Amino acid sequence: MAPHTEQLTRPTAVRLRGLTRSFEGRTVLDGLDLDIPAGQFVALLGHSGSGKSTLLRAVAGLDHEVAGSGRLTAPERVSVVFQDSRLLPWRRVLDNVLLGTGGEERGRAALAEVGLAGRERAWPGELSGGEAQRAALARSLVREPELLLADEPFGALDALTRIKMHALLRELWERHRPSVLLVTHDVDEAIVLADRVLVLDAGRVGLDLAIDRPHPRSYRDPLLSEYRERLLAALGVTEVH
Amino acid sequence: MSAVSTTTVSADAVAVEDTVHRVRRRRRLSPGRRLPAARLIGPALFIGLWAIASAAGQLDPGAIPAPWTVARTAGRLWTDGTLPTDVLTSLERAAYGFAIGLTAGVLLALASGLSRVGEALIDGTVQLNRAIPTLGLIPLFILWLGIGETFKVAIIAIVVYIPIYLNTHAALSGIDSRYVELAEVQGLSRIQFVRQIVIPGALPGFFVGLRLGVTGSWLGLVVLEQINATSGLGYMMFQATNYGQSDVILVGLLIYGVFGLISDSAVRLIERRVLSWRRTLSN
């Protein structure tokens, strides 16, 4: 494992020890250990079915009827962003952002932060896919999370919108500094956004890679291709040159 | 969108247009823009034909009286005071039955949609009740409740509560599990979850049931008043049969029709207001 010097000085936000989860006898997470220091931006890669979402749902406390064991500690304030925006169609955008909390002013501020000022009274059905996902980000921000869990949040967006959303997410992270666990299947997304990329393999962390490159990062940065190759190798994919 | 009709344009004009811009619009397959007051055109045409046929002497006035005869009879019955009494009696029955049925349907649907115990107790029972034709209960209800108002209101209430229960319950238990997950993530309490997610999410289903229930209340009323009444619109029509007054029967039918139309429109209006978020989707 790559040493993280900051890990020694910063408190741990998420601590997993021997986390095991299985579905109908099939072990998806197999004694997984993981520490995420407070304020770290972590991306989690893996094949579909490798347990990325299972891990995220376990940390979010959403795996009600899943068999498993292990110790898990996570902060008090956790927000989740899903692949779909999951806005309630019968509440206006501002009311969606404030779901479960109060404070209209904070809601407006969060919407302004994601570039949706002026759309407070719109119905979710009137938003584009990108706007809806911005609103979902605002909803997760308004709670001032210590940990932000994102389950392929940009998977359903078109390529241009996705690039804009990457910049927005990074910008929001720099301002609020929550710990982030971003589940994705997109290697480039992981490299451009995260400071540390994990690859799940056979229910454990197969590769733990720190990405020490300054932000904002370009997709065409040649130095990043080295990371890309290591990650793809860990995922069992070999690029043809 | 402007309606382009290529069929009526003369051959010359087409040729000129084609040289200017060669893109020809595709034939439109959707029915196009709605006609103004579209829902009134059919009935107006029908009444017009009826009036013409009566004026031309093509209809037997004993079987189908002319529209103006029906209007005159309605006026006469209204001024001598029997029609207002009958209408009020009928409205009262329908309103009581509907109110009780609505309340029962909603309460039972909430109890059975929101708790597993409630579901176990209620859902099967209502499904059983549904399988029995409600109008088949009339003889039994007369024995239990007598032939007065109570049994009529009870029958109407049963006709109304079943569709309201079924649709509301289906909507309540069909809440998208993704929204349940969202509520858990956002830390909603159980009461907040029910008030902010379950009930608003179930409203479209409730309104489907409500419209069926309103129609059902009139249907139940007509049947009850035709066979077991001493007052009301149905009684008026039943009496008219004995004296061969087809104009009075038509007056009764007309009033039933107007009631049905008004109540359905009222429910639709409320639905549009309450579910205004849906309109933005259909536009």
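Colleague: Into which domains is chain A divided?

Modeller: In this predicted model, chain A has domain 1 (5-77 + 145-234) and domain 2 (87-144). Their C-alpha centres lie 25 Å apart.

Colleague: What makes domain 1 and domain 2 of chain A count as being in contact, and how many residues does the contact take from each?

Modeller: A pair of residues is in contact if the C-beta atoms lie within 7 Å. The contact takes 11 residues from domain 1 of chain A and 10 residues from domain 2 of chain A. On the domain 1 side, helix H6 (residues 159-176) of chain A gives the largest share, five residues.

Colleague: Which residues does A:Val197 contact, leaving aside neighbours within four places in sequence?

Modeller: Among them are A:Ala43, A:Leu45, A:Leu209 and A:Leu231. A:Val197 is also one of the residues with the most contacts inside the largest nonpolar core, which has 104 residues.

Colleague: How many residues does the contact between the chains take from each?

Modeller: The contact takes 16 residues from chain B and 12 residues from chain A. On the chain B side, H8(B) gives the largest share, six residues.

Methods
Residues are numbered from 1 along each chain as its sequence is written. Chains are lettered from A and ligands numbered from 1 in the order in which they are written. This is a predicted model: local features need pLDDT of at least 70, side-chain atom pairs count only at pLDDT 80 or more; totals for chains, interfaces and linings use all residues. Two residues are in contact if their C-beta atoms, placed from the backbone, lie within 7 Å. Helices (H or I, at least four residues) and strands (E, at least two) are DSSP runs, numbered from the N terminus. Domain bounds come from an automatic or database domain assignment. A nonpolar core is a set of buried Ala, Val, Leu, Ile, Met, Phe, Trp, Tyr and Cys residues joined through C-beta atoms within 7 Å. A residue is buried if 20 or more other C-beta atoms lie within 10 Å of its own, exposed if 12 or fewer, and partly exposed in between; C-beta atoms are placed from the backbone.
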